[in-house]
Amino acid sequence: MAAAIIQADGIVAFPTETVYGLGANARSPRAVAKIYEAKGRPTFNPLIAHVSGIEEAFQYGEFSNQARWIAERFWPGPLTLIVPAREGICELARAGLDSVGLRVPASATARALIKASGCPLAAPSANRSGHVSPVTAAHVLADLDGRIDMVLEGGASTVGVESTILSMLETVPRLLRAGGTTLEALEAQLGVRIATGPHAGESIIAPGQLTSHYAPQASIRLDATALERDEIGLDFAGQLAKSAKMGHRIMDLSPQGDLTEAAANLFSYLRALDEAKRQIAVAPIPHYGLGAAINDRLHRAAAKR
Ligand code: TXA
Ligand code: MG
């Protein structure tokens, strides 16, 4: 059913281990255009092309030895590699760039859908533009019901933050977005330090790199060490709980201080707290490992709109 919709140029939301994606045939501009329309993306930004295996990725992008090395070690998984484009992924999906973002998701459901469809799937996160990314099928429907052809149910995403985006376009790999694969793990395999920030002389094209992305309605106060009167708390390892008063509501991303658990809970908890329509105080989160991706999303959520 889902594959038949993709083959007919429809759009299907599907689970991945990071967040739910909104997928369409990456070869078909007509299908890809529907993604932008459903999300209400103001401009055409490049989409990640999801493929079912490494060989398929090699078909659509040019992989240096270094890019191959990383692909073989981290795929399937929460990592997107930007490489020079070969034929196949349509220009609209690449937003006219001569590079392409490729990812082999770890989710078996996602890979089964790609295989059954017989084409790569261009897919951004399955939320309205600027909203918090969905980690359940219910989140997808809350944002996009009536605007998409189908959502494939696959339970809650296990990683909970989007893929790490690593550009392999220069000699030194460059981190374009922190995400589900840690910088530490990548550097350990590469044996070199990874550069950060946008490419030299390039204005930022990645929407995931715009501030005020992943934005809840409520305002957010970061690095809070205690709750103020009318706030609700997004805690980590019980830091805010210590000073909480009666009537304060707190959700703890990980009472044990486990960053993997915190990443998995992040977007669900932000959505839940947002419903209270009060300022959200967020406890400090350590900056190593998955903490880098968590802090990145929290800073964007807190950015003034
Ligand atoms: O985990 C994820 O990455 C999820 C799931 C569905 O795979 N997808 C996702 O897609 O987060 P999206 O569209 O929200 O973010 C994709 C990012 C954007 O910031 C986009 O600009 C960047 O990837 N991107 C894609 N192709 C690129 C390219 N050729 N050069 C630079 N950035 C690129
Ligand atoms: Mg997104």
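Reader: What makes H9 and H10 roughly parallel?

Author: In this predicted model, helix H9 (residues 259–274) packs against H10 at an angle of about 25°, and their axes are 9 Å apart. Angles under 35 degrees count as roughly parallel, over 145 as roughly antiparallel, 65 to 115 as roughly perpendicular and the rest as oblique, so H9 is roughly parallel to H10. The crossing of H9 and H10 is left-handed.

Reader: Why is the second largest pocket said to lie between domain 1 and domain 2?

Author: Domain 1 (2–196) and domain 2 (220–302) both contribute residues to its lining, so the second largest pocket lies between them. A pocket is an open set of points on a 1 Å grid, where a 1.4 Å probe fits, with protein on both sides within 12 Å along at least five of seven lines; lining residues have an atom within 4 Å of a point.

Reader: Which elements supply at least two residues each of that lining?

Author: They are strand E9 (174–177), helix H8 (183–190) and helix H10 (291–302); H10 gives the most, with four residues. The second largest pocket has 21 lining residues, and Leu 175, Arg 177, Ala 178, Thr 196 and Asp 296 lie nearest its centre. Its space is about 360 Å³.

Reader: Which peptide bond is cis?

Author: The bond from Trp 75 to Pro 76 is cis, with omega near -5°. Pro 76 is in the loop between helix H4 (65–74) and strand E4 (79–84).

Author: Residues are numbered from 1 along each chain as written, and chains are lettered from A. Local features need pLDDT of at least 70, side-chain atom pairs count only at pLDDT 80 or more, and side-chain values use heavy atoms.

Definitions and conventions:
Grid points are joined across faces, edges and corners, and a volume is the space filled by probe spheres set on the points. Domain bounds come from an automatic or database domain assignment. Axes are lines fitted to C-alpha atoms, for helices over the stretch in contact, and angles run from 0 to 180 degrees between N-to-C directions. A crossing is left-handed if the near helix is turned anticlockwise from the far one by less than a right angle, and right-handed if clockwise.
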